[in-house]
Amino acid sequence: MNNTESKPPVRASLLEGYSPAPDAFDELLGSEGAPREHWSPLLEALGQLSPEELAARKEATRRILREHGATYNVYSDSQGLGRPWSLDLLPIVIPAHEWRQIEAGLIQRARLLNRLLQDFYGPQELLKSGRLPPALLYANPGFLRPCHGIRPVDGNYLFMHAVDLARAADGQWWVLADRTQAPSGAGYALENRLVLSRVFPDEFRNQQVSRLPGFFQQAREGLLALVPPTGARTPHAVVLTPGPHNETYFEQVFLSRYLGFPLVEGGDLTVRNNRVFIKTLEGLQPVEVIVRRMDDSYCDPLELRGDSSLGVPGLVAAARAGTVTVANALGSGAVEMPALMAFLPGLCRELLHEDLLLPSVATWWCGAEKELEYARQHLDELVIKRAFTPAATEPIFGSQLDERGRAALLATMRSTPFDFVAQERVTLSSAPVWEKSGLEPRPCVLRLFVCATASGYAAMPGALTRFSSTVERLVVSMQSGGGSKDTWVITDAPTPAPNPARQSANLVRLERTPAEVPSRVADNLYWFGRYLERLEDSTRMLRCVLLRLTGEAGADETPELSSLIRLLVDLEMFPARFRETYRLAGVEREIYALISSGHRLGTLREIIGRARSLAFVLRDRFSVDTWSILNRLQASPRHRVEGRLQAADALGVLNALVVDLAALSGVEMENMTRGHGWRFLDLGRRLERGINIATLLHAAAAQGTRHYTILEPLLEVADSSMTYRRRYFALPHWPGVLELLVGDETNPRALAFQVQAISQHVENLPQGSIQALATATSAGTPEYHLEALWQVVRETDWLKLVTDDTGAGSARLSEALTLCAQELRGMSDAITHQYFSHAEIRLS
Amino acid sequence: MKYELTHTTRFDYETPVSVAYHRLCLTPRPLPRQHLHAHELVIEPIPSQRVPGTDYFGNAFTFLTLDQPHQSLVITARTSVSILPTTLPLPAATPPWEEIRSLADGRQFAPAGEVSEFTFNSPFVERDPEIADYSNKSFPTERPILDACAALMGRIHDDFTFDPTATTIATPLKQVFRKRRGVCQDFAHLLIASLRSLGLPARYVSGYLETQPPPGKTRLVGADASHAWVQAWCGPDFGWIDLDPTNNTFPSERHIVLAWGRDFGDVSPSRGVLIGGGRHKLNVAVDVIPVAG
């Protein structure tokens, strides 16, 4: 068929082949098979786009997500950290009238659950008056007894509440689950929105879609309204993370940046005199609000789980003393249990004098005899879950059990009936997911969010929609594959434009004030600087050799090549056997191994790996731009047909690395505020570069200062060839090279330049650092090493050492360079000891 | 009976501890049959912060922060206490155990719903079908609760060997059950698990036991130790009754109660989190000296 001249209406072709199951509700198509009205504007807009254009936009979502570093860590994934976040091209659309009902239901539910928490952690009247069976609290592992009696500011236990909603065949929304611990997903929803509104800028603008940033602003203000009355003039809030290995770490970084609260790990906080402090380079700074992204039982090894190495010892005591607000309050997991769903309609009438607006999926708590009996009789139609800890085991679908499985399940249920609930099976509604072959219906679940604001609870006008990877799957979760969707809530009132100040929050700021650099972060930045510098040095070195292996000059360069290979052996980059004889093919193989071998220390691939894993931990400190350059660093060609590296490929890799590294250091210089974070990063770079120059010169000088063949490559590695030629108009000779690479304080590649930069950093390092742990040390102070360095660099007569004919000169040169490297290493130890001494936590 | 009680806990650290947090549960509970004449807690070095409190179960605890470097920590609890003897009900007079089970099943609060707090799983004690099979043998239909408990306690005492080298506090209960050896904590946890696995409420008691020297010998100073036993609930009329499965006795005048909870984790005499310190050496000495008066 030739359709180049007159395209058929694309809208029809978009829906062609989209046939949702008849027994489920479809979000897009009504019962007549026609699109629902609220989808029309979007469908019309999409209809204007050719399949190629849609494919291009799908690719754009992938690219943007990759640039943002959006990931979701899957625990059982062999790829380990950071599976890319997956976002479908099409949003889900919720019409305004429907949203108003959902919104009211969500807010009511949050109020109700908060009331329950007030009772559980207070008088427990609901138990005593017989409105709730005692087992619901006493058998509930989410009920944390040490937190009983702690009353948060304004009785606000539940700051952020999340609800998983599904739509049944009749179009009714049902609550599948409540998330009351440290709900995740709001940040992903926001990320999805940022991406989709970039991919469909016009389509998005032309529809009345509710904006999300206002919700986060409300959340931020709501949090600051929860500051305990400790008299702090400018309260500090932090986001407490379990660390980079947590499944939703990306989102935690994203939220911390968006809210403007630093991201901290348990080890960054300490409790003194019942107050929480953050350990910074300049000492302890008080913290008044903690947004926790950690399960509450892990938050304090002293009073909660003793085996937790993530928490903050004394946090429960500080909360009890009322000096810190933890959001959600410690113990708020107690209302997450599915067992509670069976009681919510009654409790809602009793406590709020209202009918429950958003029904939970029909639930029978088997702790009651009649309910257990019902579950037994209707097992085929029901799903059996743990009453308190649904996440601990997979739900069991009664209809999928054989006789033996059924008998075993019933026996367990009879022995600990209170531990089970039976729930009605909900046939999830389907939504269109854009696949290569067109739109496909997939079962989906929406996660919605509510937060406490100064004027009560408010719902986020949007959601994180997740869909399952196959049509048949009965359970939707990001852990078990599947994807996500943006969720467009259509509004009939114009939405105010988002506040520009908030919008720019995803731009970079390394830190807000110098005081907010935790010691752990400074340590990581320092090593990040060192690895980047090491990477550049090694890359230049390998490129220098490879250029001579493949160069057109051929035989002319052989003396240079052999000098270089000797240099590499002396620097221990090449194995010692290359000292005697070598074949060019062997050298080539060695170079390739040094670029991309994964089984060897010091290869480019290995150093990149180290820099990456530090960057991963430091992610909240880097801008999107920095992050996207970091993601480009790699030790293999971008497009390679065969598995083996070829000279041209290898050279391409090295050239790309040099350029990307230059871009990174450019971003560092231009975009990072000159706080302590930057200072430690640059200190790492300067120290590493100083060590590299000193050892490089030392190895080169070992070949004798009468030989000049090594000098051209040396200048190349030190990126100083151009400067040299401009300055000396001559072939390289030792006096000139030493002048340029040692004594010249204006050459950013010279030893003196590094020492000068290090001096400035040391002078400006924080003085009030936490040195409680610093016992008498043999490492000396940074100042001590600095003085020794200056002495060698400035007071050595470098020229005399290379023009001295007696031969004593080269021995002294070697000695002086060795001393420089030693003092620089000593300096590194001293800094580590003074600033990064890591607190070791141990339980007794 | 009146006692002068001294409980000394000494930590020696390999390297200085820069900051330490401790939660102590070393103050005996005042009870109708346990009268405290005097109590003091001496901490060396002097902590930077010391806050007393009462936990969820009504036990007294003390929260300490030490923020000056120290290489040793000595906690001394001194108590002067009088204990009255218990009067045990006639086991046959206690209600059938099934009645207790249904009162404590956590479905209804009235009339004694608060005891169901101790019926369900807790961090150190999980209900277990294998353990239920074991205890079931002592619980035939309609047997009076205390009679059945006494029989079960006797069986545990006979079937299990007291062996201080067999377990640590980290040893899972199931392993203790299979190895058939352990210390007083394990015996207590076993009896609790045996009762809870049948749906009966049981709680963990931490305290001290006055040890009697062998005939003709004088008491050795520091020879006593922390002890642990169990309380089983025997219905609204009789309440909680103490059972010591390690010694197969009903505690009376020689058992001094410190605290109770669902299991060891709720009432551990000292919990701590340290920063620094390296390895540490622990010395505990307990003296329970009977005095006249």
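Analyst: Let us begin with B:P111, which sits in the loop between α1 (97–103) and α2 (129–136) of chain B; helices (H or I, at least four residues) and strands (E, at least two) are DSSP runs, numbered from the N terminus. The peptide bond that leads from B:A110 to B:P111 is cis, with omega near 0°. Please keep in mind that this is a predicted model, in which local features need pLDDT of at least 70 and side-chain atom pairs count only at pLDDT 80 or more, while totals for chains, interfaces and linings use all residues. Residues are numbered from 1 along each chain as its sequence is written, and chains are lettered from A and ligands numbered from 1 in the order in which they are written.

User: Which residues does the cis peptide bond in chain A join, then?
Analyst: A cis bond joins A:A327 and A:N328, with omega about -5°, and A:N328 is found in the loop between β12 (325–327) and α12 (344–352) of chain A.

User: You mentioned α12. At what angle do α4(A) and α12(A) cross?
Analyst: Their axes, which are lines fitted to C-alpha atoms, for helices over the stretch in contact, with angles from 0 to 180 degrees between N-to-C directions, come within 10 Å and cross at roughly 80°. That makes α4(A) roughly perpendicular to α12(A), since angles of 65 to 115 degrees count as roughly perpendicular, under 35 as roughly parallel, over 145 as roughly antiparallel and the rest as oblique.

User: And which residues make the contact?
Analyst: From α4(A) they are A:Q108, A:R111, A:L112, A:R115 and A:L116, and from α12(A) they are A:L344, A:L347, A:C348, A:L351 and A:L352, where two residues are in contact if their C-beta atoms, placed from the backbone, lie within 7 Å. These residues divide into seven nonpolar, one polar and two charged; Ala, Val, Leu, Ile, Met, Phe, Trp, Tyr, Cys and Pro count as nonpolar, Asp, Glu, Lys and Arg as charged, and the others, Gly among them, as polar.

User: Switching topic: is A:D154 buried or exposed?
Analyst: A:D154 is exposed, with 11 other C-beta atoms within 10 Å; a residue is buried if 20 or more other C-beta atoms lie within 10 Å of its own, exposed if 12 or fewer, and partly exposed in between, with C-beta atoms placed from the backbone. Its phi is near 60°, a positive value in a residue other than glycine. A:Q124 also has a positive phi, near 55°, and A:Q124 is partly exposed, with 17 other C-beta atoms within 10 Å.

User: Back to chain B, how many residues touch chain A?
Analyst: 31 residues of chain B are in contact with 36 residues of chain A, and the side of chain B that touches chain A has 14 nonpolar, 11 polar and six charged residues.

User: What about the domains of chain B?
Analyst: The assignment gives domain 1 (2–84 + 268–291) and domain 2 (91–263), with bounds that come from an automatic or database domain assignment. Between these domains of chain B, 18 residues of domain 1 are in contact with 15 residues of domain 2, and β13(B) gives the most to the domain 1 side, with five residues.

User: Last one: what is the mean pLDDT of chain A?
Analyst: The mean is 84, and 88% of the residues of chain A reach 70 or more, pLDDT being the predictor's confidence in each residue, from 0 to 100. Among the elements of chain A, strand β23 (residues 841–843) has the lowest mean pLDDT (39) and α4(A) the highest (97).
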